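User: I'm new to reading protein structures. Could you walk me through one, feature by feature?

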Amino acid sequence: MEPRCHDFSRNVERALANRNLQAAISRTTGRFLEHRNAAVRSFPGDFEAAREAASRLKLATLRDLDIHLARFIDEAERRGAAVHIARDSAEARDISVRIAREEGIGLAVKSKSMATEEIGLNEALEAAGVEVVESDLGEYIIQLAGEPPSHLIAPAVHKTREEVARLFADKLGEPYTEEIPELVAIARRRLREKFLSAGMGISGANFLIAETGSIAIVSNEANARMATTLPRVHMVVASIEKVIPLMSDLPPMLRLLTRSATGQPISSYVSVLTGVRRPGDVEGPSKLHILLVDNGRSAILKGKYREMLKCIRCGACLNICPVYQTIGGHAYGWVYPGPMGSVLSPLLLGLREASALPDASSLCGACADVCPVKIPLPDLLLELRADARAQGHRTPAEVLGMKGFAAIMGRAGILEALERIGGVFSQLLFKDGKIPWLPFRLSGWTDRRDFPAPAVRPFRKVWKSKRGVLPWNR
Amino acid sequence: MEPLGNRDDLIRRVHAALHGHGETAHRPDPRASAPGPPESIEKRIDRFSEALRSAAGTVVAGNLYSVLPALCEGLRSEGVTALLVPEGDTAARELADALMPMGPFRLASTSELLHGNSPVTAGIQSSEFAIAESGTVVSTGRSGRTLLPGLVTDVHVAIVRPGILVDRMEDVLAALAADPPRTISFITGPSRTGDIEQTLTLGAHGPRAMIAVITETST
Ligand code: SF4
């Protein structure tokens with residue numbers, strides 16, 4: 001998918017103008033959060049301790065990632081997998097196409113995978129003449145609509161049932177129905193045919209287990225199980241930070257992942273897949289290709305953003321983010337939305353493309369509070385803002401504005417003088433405490449909401465009269 | 001097909017990005033940690049049943065003949081007309097044989113299910129493990145076992161002998177980690193989706209109902 005993060009403000013305009021979208025997103029995020037909170041309350045044991053342990057495990061694994069990756073590759077190959085390595089998206093696409101060609105694949109079924117979205121797998125395979133069908137219901141819907149996902153775990157949250165009904169009628173020639181169970185049944189029937197005839201199943205991986213070279217995948221629909229059981233070839237596309245050292249590391253991570261994502265104590269299905277079918281096995285693919293994608297991760301590992309690679313893609317930070325709740329996923333302009341996307345996208349795409357994303361946060365900190373692996377998202381957003389400034393991705397006006405702000409805030413006398421002038425203006429002009437209109441570029445603010453007028457009595461005055469001292473006058 | 005891309009290059013790149021190593025590579029396996037206090041089998045069955053019910057699964061328990069009426073009623077209400085039983089699964093076969101005259105149900109074949117236009121089918125299978133913490137049953141592809149009864153059918157009937165109940169997922173993985181089979185499937189309730197307007201709908205791609213039959217079987 002071509003990134004459109006540089007169009008952020010235009011994307012936001014569009015999202016804000018779409019009432020349906022906002023209703024859908026606030027309903028979805030609200031419900032996810034409710035379920036998550038209930039699941040946290042009923043967590044077996046100490047949830048905070050579990051978060052801390054998971055965070056430590058992920059960080060410690062990243063610190064030794066070369067060792068764990070090498071072990072994963074060895075163990076997977078020992079059990080019959082071919083492990084391919086892609087440095088970047090282009091190489092990943094190229095390798096996938098070669099795998100499909102070599103295996104003689106005409107039809108592939110896919111289960112949900114963010115890594116494949118990131119590398120643009122579908123387009124590449126389609127261009128090479130391979131039909132690729134998404135099998136997660138949400139992904140299937142947006143594939144028919146020709147749209148990217150708008151949420152990590154609920155990719156079609158922005159679609160209403162009427163839109164889905166129209167889509168199935170137009171694109172599949174099915175009789176129009178707005179009944180959700182019937183729509184699900186249509187997808188089930190259509191996709192069952194695909195599962196049974198596809199030569200290759202493509203999946204992502206929630207975790208790669210170094211100890212045994214295994215892949216762990218969660219799903220609720222059973223599509224991931226179908227795609228990894230029925231076709232004769234299985235291709236896994238996963239980024240390198242998904243490795244965990246041991247089988248026994250899986251359950252504690254799963255307990256956090258599914259609760260943080262949908263509030264379920266466990267997803268309906270968890271598959272742990274190891275190698276290819278053995279002699280005597282009656283099912284399972286006879287070929288397994290695992291494509292490990294770096295695409296900038298080894299560079300992230302190097303520096304101050306390493307903690308971002310702890311992310312297990314649960315989506316909790318999206319649901320709780322007031323910005324995501326307002327603009328939805330598409331506005332972020334690429335595959336990763338919400339707070340995690342605002343950090344990850346600039347790291348993977350560069351600040352030239354995505355420098356606007358770290359600004360789209362009030363730094364309220366809610367994301368860090370819910371993150372099951374304790375990623376300090378607000379800190380990372382701040383770091384990125386500083387980097388954007390250092391790399392010159394800021395307009396002269398912004399830089400000047402910030403310099404001016406710093407100059408005023410650093411000098412109590414000037415601040416006080418300005419407060420006094422502001423107070424007089426407020427008394428004369430903005431008696432209701434609101435400024436309804438500002439000139440020039442500042443109208444961007446007042447077009448949609450009022451700007452608060454300066455207080456007639458500045459806070460510091462009030463403070464003085466009530467409590468007497470300011471800390472620096474003590 | 002030969003692996004593509006440069007493996008050593010990746011490991012080198014990652015190694016260079018890390019400034020020295022921590023200690024995870026050689027840390028002790030937490031599997032070795034002490035087990036919790038012993039638990040009665042009744043307590044374990046209760047935990048399993050409660051967890052599975054809250055994941056929209058159904059639980060029936062008792063000896064083979066006492067569970068039949070409820071099970072049969074459950075299958076009929078889902079419109080089931082055929083049963084899929086894996087070859088060599090004697091407990092499943094026994095249950096199917098007892099059910100067939102009551103339905104009436106007939107036996108379905110795998111090929112029928114894999115080639116479209118299949119009847120409404122219940123897949124009956126003995127589980128290899130069951131997990132009390134999460135109400136999960138476990139099937140694997142070990143030694144010729146099939147996963148289809150819990151996958152391509154409309155109703156999944158999982159036979160759970162009390163003896164296979166373990167406390168947590170860790171116990172299952174510990175038993176299998178030395179030589180993991182190609183597939184380990186953890187199944188908790190029916191297949192579900194909330195992808196259209198967040199409305200929970202059962203039977204997305206897999207079974208729309210899941211019934212655990214907790215019973216002591218002859219095998
Ligand atoms: S950053 Fe944390 S909360 Fe957000 S998706 Fe990743 S793991 Fe979940």
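Predicted model: local features only at pLDDT ≥ 70, side-chain atom pairs only at ≥ 80, totals over all residues.

User: Let's begin with domains. What does the domain assignment of chain A give?

Analyst: Domain bounds here come from an automatic or database assignment. For chain A, that assignment gives domain 1 (5–298), domain 2 (317–390) and domain 3 (397–473). Taken over C-alpha atoms, the centres of domain 2 and domain 3 of chain A are separated by 28 Å.

User: And which domains does chain B have?

Analyst: Chain B is assigned domain 1 (1–34) and domain 2 (38–214). Their C-alpha centres, domain 1 of chain B and domain 2 of chain B, lie 38 Å apart.

User: Now the place where the chains touch. How many residues of chain A and chain B are in contact?

Analyst: On the chain A side there are 104 residues, in contact with 77 residues of chain B. Between them the two chains bury about 7,200 Å², with 56% of that on carbon and sulfur atoms. Asp66(A), Arg188(A) and Arg225(A) supply 9% of the area that chain A buries against chain B, more than any other three residues.

User: How many residue pairs in polar contact are there between chain A and chain B?

Analyst: The count is 39 residue pairs, both residues at pLDDT 80 or more. On the side of chain A that touches chain B, helix H10 (residues 180–197) of chain A gives the largest share, ten residues. By class, that side of chain A divides into 50 nonpolar, 24 polar and 30 charged residues.

User: Why can charged side chains pair up?

Analyst: Side chains of opposite charge can pair when their charged atoms come close. Across the interface of chain A and chain B, the rule finds seven salt bridges. One pairing of this kind is between Asp9(B) and Arg87(A), at 3.1 Å from N to O. Over all chains, the search of the whole structure finds 44 salt bridges.

User: Which residue forms a salt bridge with Asp359(A)?

Analyst: Arg394(A) does, with the closest N and O atoms 3.1 Å apart. This pair links distant parts of the chain, 35 residues apart: Arg394(A) sits in the loop between helix H19 (377–390) and helix H20 (396–409) of chain A, while Asp359(A) sits in the loop between helix H17 (351–354) and helix H18 (366–370) of chain A.

User: Which residues come nearest to the ligand?

Analyst: Of the 13 residues around the ligand, the nearest are Cys311(A), Cys314(A), Gly315(A), Cys317(A) and Cys371(A). The shell has eleven nonpolar, one polar and one charged residues.

User: Last topic: how should I read backbone angles?

Analyst: Most residues other than glycine have a negative phi, and most peptide bonds are trans. Ala222(A) has a positive phi, near 85 degrees, and is found in the loop between strand S6 (214–219) and helix H11 (223–229) of chain A.

User: Where is there a cis peptide bond?

Analyst: A cis peptide bond joins Gly103(B) and Pro104(B), with omega about -5 degrees. Pro104(B) lies in the loop between helix H4 (90–99) and strand S3 (106–107) of chain B.

Methods
Residues numbered from 1 in each chain as written. Chains lettered and ligands numbered in written order. Heavy atoms only, no water. Near = heavy atom within 4 Å. Nonpolar A, V, L, I, M, F, W, Y, C, P; charged D, E, K, R; others polar. Contact = heavy atoms within 4.5 Å. Buried area = accessible area lost by both parts, 1.4 Å probe. Salt bridge = Lys/Arg side-chain N within 4 Å of Asp/Glu carboxyl O. Polar contact = N/O pair within 3.5 Å; in protein donor to acceptor, adjacent residues only side chain to side chain. Helix = DSSP H or I, 4+ residues; strand = E, 2+ residues; numbered from the N terminus.
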